[in-house]
Amino acid sequence: MTICENNVAKIEIICKEFNYDKGELINVLHKTQTTFGYLPEEVQQIVAQNLNTSLAHVYGVVSFYSFFTMTPKGKFPINICTGTACYVRGAEKVLNEFKTLLKIKVGETTKDDKFSLSNLRCVGACGLAPVVLVGEKVYGRVTLDGVQKILDDYNES
Amino acid sequence: MSIKYRKNLLICSGSSCHDASNFDLMDFINVKLKEYGLDDDIQVVQSVCFNKCSIGPNMIVYPDNVEYSTITKSDIDDIIIEHLLNGRIVERLVYNDVNIISGTHKKQYRIALRNCGFIDPEAIEDYIEKDGYDALAKCLTTFTPEEVTQQIIKSGLRGRGGGGFPTGVKWDITSKSVAEQKYVVCNADEGDPGAFMDRSILEGDPHSVIEAMAICGYCIGANKGIVYIRAEYPLAIKRLKIALDQAKEYGLLGSQIFGTDFNFTIDIKYGAGAFVCGEETALIHSMEGLRGEPTLKPPFPSVSGYLKYPTNVNNVETFANIPAIINKGADWFASIGTEKSKGTKVFALAGKINNVGLIEVPMGTTLREVIYDIGGGIVDGKKFKAVQTGGPSGGCLTEKDLDLPIDFDSLTAAGSMMGSGGMIVMDEDDCMVAMAKFYLEFTVEESCGKCVPCRIGNKRLHEMLTKLCDGYGTPEDLDLLRNLSVVVKDTSLCGLGQTSPNPILSTMANFYDEYHAHVVDHKCPSGQCTSFLKYYIDEENCIGCLVCARNCPVNAIFGEKKKLHIINHEICIKCGICMERCKFDAIYIK
Ligand SMILES: Cc1cc2nc3c(=O)[nH]c(=O)nc-3n(C[C@H](O)[C@H](O)[C@H](O)COP(=O)(O)O)c2cc1C
Ligand code: FES
């Protein structure tokens, strides 16, 4: 991704909001990721410049936290909860079913950029285990047959 | 809640219920009430977690105290016409397992969750009506900081974030550190997968945490507070922000609170998905905008913490207890619980248990009471096998521990730990070796990589467990596994590595026969580790529908329509999909 001036300005506004304070790096990155969807090297570079710190520092933080991603997600990011409660209630099988149906691995995006697959640990809806998130929408008590139905919801649109 | 209205409908708006209803229940009910012309008469109040997460969405009608569960859109009309207009309870929606309901309420005792579910978390008036901010007023106007700290010491409150360190003592130490600036930090990182106590408190009663942080600030001499919260908890963040704004508006945060010269403000900092950031030194680094790597203690945060200033870190639930202690007295709090663990503990019950959700019980309650009386026993009437407490740092407790009174010290003595309050129940179908593997996978992913024992040791432990589960383990591996576990425990830098082998050691201590079976008999007794099994097709039941063959991801099933199918074991990867898909019970494992 090459960055147009417009986007450079956007990043600068975010940094300004946090007073160009490098102690606020994580908050800056949260906001930047919300804007761009992901944090490619070019974006990190501009953040580093604005906060007057090194790219290595920014990259160190981005790569440390699982919430930050350097690759773009699909239009409908699918997150499977693999927290303990979900694991005990069969999250692994649900994850495998997604992998089989989408023909991608965890961390990958389908060729048409429609779906991406990742797992996360406990969204705090353990009562509904196993839990699957598509974007912000939460699906609870997902069964193997339910997986295709979830995908159908998005394939139509 | 207001007495102005004839009836109040309390809608659980905790994440579980919110997610379970595919529509916005509150809005929908409001529209309906208007349709029936009841909107002046009846108020809809959002409130949090009734501990019935598995049967949500839930609603309580006050003052009748009738609880409705698993409500759908089409039920709303019935509730309005029958109950609200005609006063007849809609029996079919009442969760009528008498045994479970009464059990749920009898053995529980709510201190930290005292307001959750009973007030609207987005209305400060509701909190104030329940004596909210009285404790802060009392502290600021009638007690010295030392007197308040002494009360907390006397109450015997211990940290609920896992360590169990006496809270009053921590405050006392931080208050004695001399510096021009000090901080109060609330640890809302809640990293234990399968636990959601802190989230529910922040979603259901955020003001209790805010009030307690201000009290803590008064005691230790800090005028700044920070809540470090997981970014994964959007609803909790939203409610916390609303609560902070309201508290500011009411002058309960800011300068010259209650007309005294005490000033206090609270900011929010966000986590970004790293378990180790729950550890207090890592958390502080994360707040400073750095990688969340822990550092050696001492110096403790109470001496040198955020930006090198003395910092008092406490857990959400710890804070939630504070106003109650001030209001009702240290003696009252100390009268609840066991000799060394006072008060109550909130647990997140999950796994193979009938009533999933949050419970709060006095310290000293037995596991049996929690699992059978409150939790309603094991799903599908299966046999109880173990319960994991303390998350990835803890261990499992078994049948023999069922009558153990739960407190900090008894759990540690039994080879597990209190942790932050996750309780995952397992039944006869769960393989304990696979469970240990699951936790180690978690630790490997979450290890920050700073120290060698944790970074490499845990990886090796995980590989060994994978080897066992895949059927290639040897008896020598078991000794190696145990030895390496002890080394990782003894030599890691922070609490993460120092506790990560616990799931292995405790399952080995309690279920050695399962480990033995994996390496000697080449069997997985619970049948969970599929590599030991082979799938077969039953000649009698198979009707030749081809469903299994079509669904097999590796095309290992052969056969023609209406003829018996056969599985090629050379190709089969034992994923079990054919068995899930077969409608005729024609696939079995042996
Ligand atoms: C690996 C690790 C993870 C931790 N995670 C949490 C957590 O998620 N929440 C929490 O309150 N404390 C957590 N702690 C404990 C904190 O370090 C600290 O002891 C606690 O926040 C102090 O508050 P308390 O005295 O009120 O319990 C964790 C500790 C370790 C070693
Ligand atoms: S473990 Fe999946 S929501 Fe908690």
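**Rings and a sheet in chain B**

Hi everyone, let's begin with one tyrosine: B:Tyr183 counts as buried because its relative accessibility is 7%, below the 20% cut-off. Please keep in mind that this is a predicted model.

What about B:Tyr309, at 24% relative accessibility: buried or partly exposed? That value makes B:Tyr309 partly exposed.

Now to the ring pairs. Over all chains, the count comes to 14 aromatic pairs. One of them joins B:Tyr183 and B:Tyr309, with 6.2 Å centre to centre and 50° between the planes, so the pair is tilted. These two tyrosines come from distant parts of the chain, 126 residues apart: B:Tyr183 is in strand β5 of chain B, and B:Tyr309 is in the loop between α12 and β8 of chain B. Another pair, B:Phe262 with B:Phe264, is stacked, at 5.9 Å centre to centre and 15° between the planes. Both B:Phe262 and B:Phe264 are buried. Over in chain A, ring pairs link A:Phe64, A:Tyr65 and A:Phe68 into a cluster.

Rings also meet charges here. B:Arg230 has its charged end over the ring of B:Tyr233, 5.0 Å from the centre, and B:Lys385 lies over the face of B:Phe511, 5.7 Å from the ring centre.

Last stop, the sheet. Chain B has an open sheet of five strands, ordered β10-β9-β13-β11-β12, with mixed pairing. Strands β10 and β12 of chain B are at the edges with a single partner strand each, so one side of each has no neighbour in the sheet. From one strand to the next, the twist averages 30°. Helix α9 of chain B packs on this sheet and touches β9, β10 and β13 of chain B.

Note on methods
Residues numbered from 1 in each chain as written. Chains lettered and ligands numbered in written order. Predicted model: local features only at pLDDT ≥ 70, side-chain atom pairs only at ≥ 80, totals over all residues. Heavy atoms only, no water. Pairing = 2+ DSSP bridges. Helix = DSSP H or I, 4+ residues; strand = E, 2+ residues; numbered from the N terminus. Axes fitted to C-alpha atoms, helices over the stretch in contact; angles between N-to-C directions. Contact = heavy atoms within 4.5 Å. Phe/Tyr/Trp six-rings, centres within 6.5 Å; stacked < 30°, edge-to-face > 60°. Buried < 20%, exposed > 50% of the residue type's maximum accessible area, 1.4 Å probe, protein only. Lys NZ or Arg CZ within 6 Å of the ring centre and 35° of its normal.
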